[in-house]
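Dear colleague,

Please open it first, and then read the notes below it.

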Amino acid sequence: MEKVLSGKIVAQSIFDRISRINLYNTIPTMALLSVCPSPASDFYIRNINRQGAKLGFAVKEFNLNEYTSLEDFIELIKTLNADKAYHGILIQKPFPVHISEDAVNLAVSPTKDIDGIHPENLGRIFLNLEGLFPSTAIAVMEVIKYYNIQTHGKHVVIIGRSPIVAKPLAGFLLQKNNHGNATVTITHSQSDNLETISSTADIIISAIGKPEFVTATFIKKDAVCIDVGINQIYRNGKQSYVGDFDYNSCFDKALAITPVPGGVGSVTTAVLFENLVKATLRQLDDKNC
Ligand SMILES: NC(=O)c1ccc[n+]([C@@H]2O[C@H](COP(=O)([O-])OP(=O)(O)OC[C@H]3O[C@@H](n4cnc5c(N)ncnc54)[C@H](OP(=O)(O)O)[C@@H]3O)[C@@H](O)[C@H]2O)c1
């Protein structure tokens, strides 16, 4: 296995897979909703537009504003759910305080839910049923599969317990299949002895959003380190991005490690478009039934 687990090559393999799919002359079309601009979400949106154009897919932006009421927001989602011109709906965070994330997640049709936020899709992961699942959690699994990282019987410690990354990932890793069968421990900000727990892991996955929090003392020799965190920092007057792992201190001790940038984040957008293709094909199937 390579020591540096580049996400770019994994993303390319997914884009190649997408390009081989017969879309029956349909252009997969995404509705991309955002309410409050933020540097991270602006960056992600630019990337989605760029990749969408490369694939020949359509991305239509709906830019709401911080004064949009919850009722108007939900109404727009319902309109998009019913509109056959849109195959997938992606909703960018952050939200203003009066917008309930739960209400938004519940409003998206599970069949157009390309970010895997609807409770039905999240539940399907734990029952090992088909569905549309969170892109970042799938992206981690794609890295595991591409580099043939053995999970069977291994202890995986996930740092973080968010419903969009950590919990679905735990569900995937617990499944009875070639890339599951792991013993999974989920930790969070209230966990005692985090360092001791993570240093027993064969694979450590961090999704907390704390720059360089996981240092060499958190990992055992030859652990695989998968970094989901993307943190903007300013160092020596310059802006840059680092992960949750302290890459330099972990590098020698780790068997392999994902870089930031160029790791899991690169894979997430590719997975999002694969989800859009899945949603499109399923809607075409339903139309032909
Ligand atoms: N690579 C990608 O494509 C991608 C996609 C999405 C997100 N991200 C990045 O991934 C990171 C996490 O995103 P998210 O949406 O999952 O975040 P989130 O919803 O804010 O959840 C963060 C989790 O980290 C836990 N946490 C915070 N500080 C901790 C600490 N000191 N020790 C242990 N656990 C701690 C929190 O615990 P509590 O529950 O106890 O508060 C929470 O469960 C962010 O950096 C985000 O930018 C990357």
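The notes that follow go through strands, helices, single residues and a pocket.

This is a predicted model, in which local features need pLDDT of at least 70 and side-chain atom pairs count only at pLDDT 80 or more, while totals for chains, interfaces and linings use all residues. Residues are numbered from 1 along each chain as its sequence is written, and side-chain values use heavy atoms, with hydrogens and water left out.

Let me begin with the strands. Helices (H or I, at least four residues) and strands (E, at least two) are DSSP runs, numbered from the N terminus, and two strands are said to pair if DSSP finds at least two bridges between them. An open sheet is formed by five strands in the order β5-β4-β6-β7-β10, with parallel pairing. Its edge strands are β5 and β10 (256–257), each of which pairs on one side only. Within this sheet, β4 and β5 run parallel and are joined by five bridges, and histidine 155 stands opposite threonine 183 in β5.

Strand β1 (residues 29–34) also pairs with β3 in the parallel sense, over five bridges, and serine 34 has glutamine 92 of β3 as its bridge partner. Is β3 buried or exposed? Here buried means under 20% relative accessible area, exposed means over 50%, and partly exposed lies in between (1.4 Å probe, protein chains only). Five of the five residues of β3 (residues 88–92) are buried, so this strand is largely enclosed by the rest of the structure. Gly88, Leu90 and Gln92 point one way from β3, whereas Ile89 and Ile91 point the other way.

An antiparallel case is given by strand β8 (residues 231–235) and strand β9 (residues 238–242), which are joined by five bridges. Glutamine 232 has tyrosine 241 in β9 as its bridge partner. The two strands β8 and β9 form a hairpin with two residues between them, and asparagine 236 in the turn has a positive phi of about 50°.

Turning to the helices, the buried residues of α5 are Asn121, Leu122 and Ile125. They cover an arc of only 100° around the axis, which puts them on the same side of α5; the arc is that of the directions from the helix axis to the C-beta atoms. These buried residues of α5 pack against α7 (166–174), where contact means heavy atoms within 4.5 Å. After α5 comes asparagine 128, whose phi is positive, near 60°.

Helix α7 is mostly covered, with seven of its nine residues buried, among them Pro168, Leu169 and Phe172. The buried residues of α7 pack against α5, α6, β4 (155–159), β5 (183–187) and β6 (203–206).

Histidine 87 is found in the loop between α3 (70–82) and β3, and at 7% relative accessibility histidine 87 counts as buried. Leaving out residues up to four places away in sequence, histidine 87 touches several residues, including Thr26, Lys112 and Gln283. Asparagine 105 lies in helix α4 (residues 101–107) and is buried, with a relative accessible area of 11%. Glutamate 66, in the loop between β2 (58–63) and α3, is partly exposed, with a relative accessible area of 46%. Glutamate 66 and proline 37 are 29 residues apart in sequence and 9.0 Å apart in space, C-alpha to C-alpha.

Finally, there is the second largest pocket, with a volume of about 380 Å³. On a 1 Å grid over the protein atoms alone, a pocket is an open set of points where a 1.4 Å probe fits, with protein on both sides within 12 Å along at least five of seven lines, and lining residues have an atom within 4 Å of a point. Grid points are joined across faces, edges and corners, and a volume is the space filled by probe spheres set on the points.

The second largest pocket is lined by 19 residues, of which Phe133, Lys145, Phe172, Gln175 and Lys278 lie nearest its centre. The elements that give two or more residues to this lining are α5 (119–126), α6 (135–146) and α10 (264–288), and α6 gives the most, with four residues.

With best wishes
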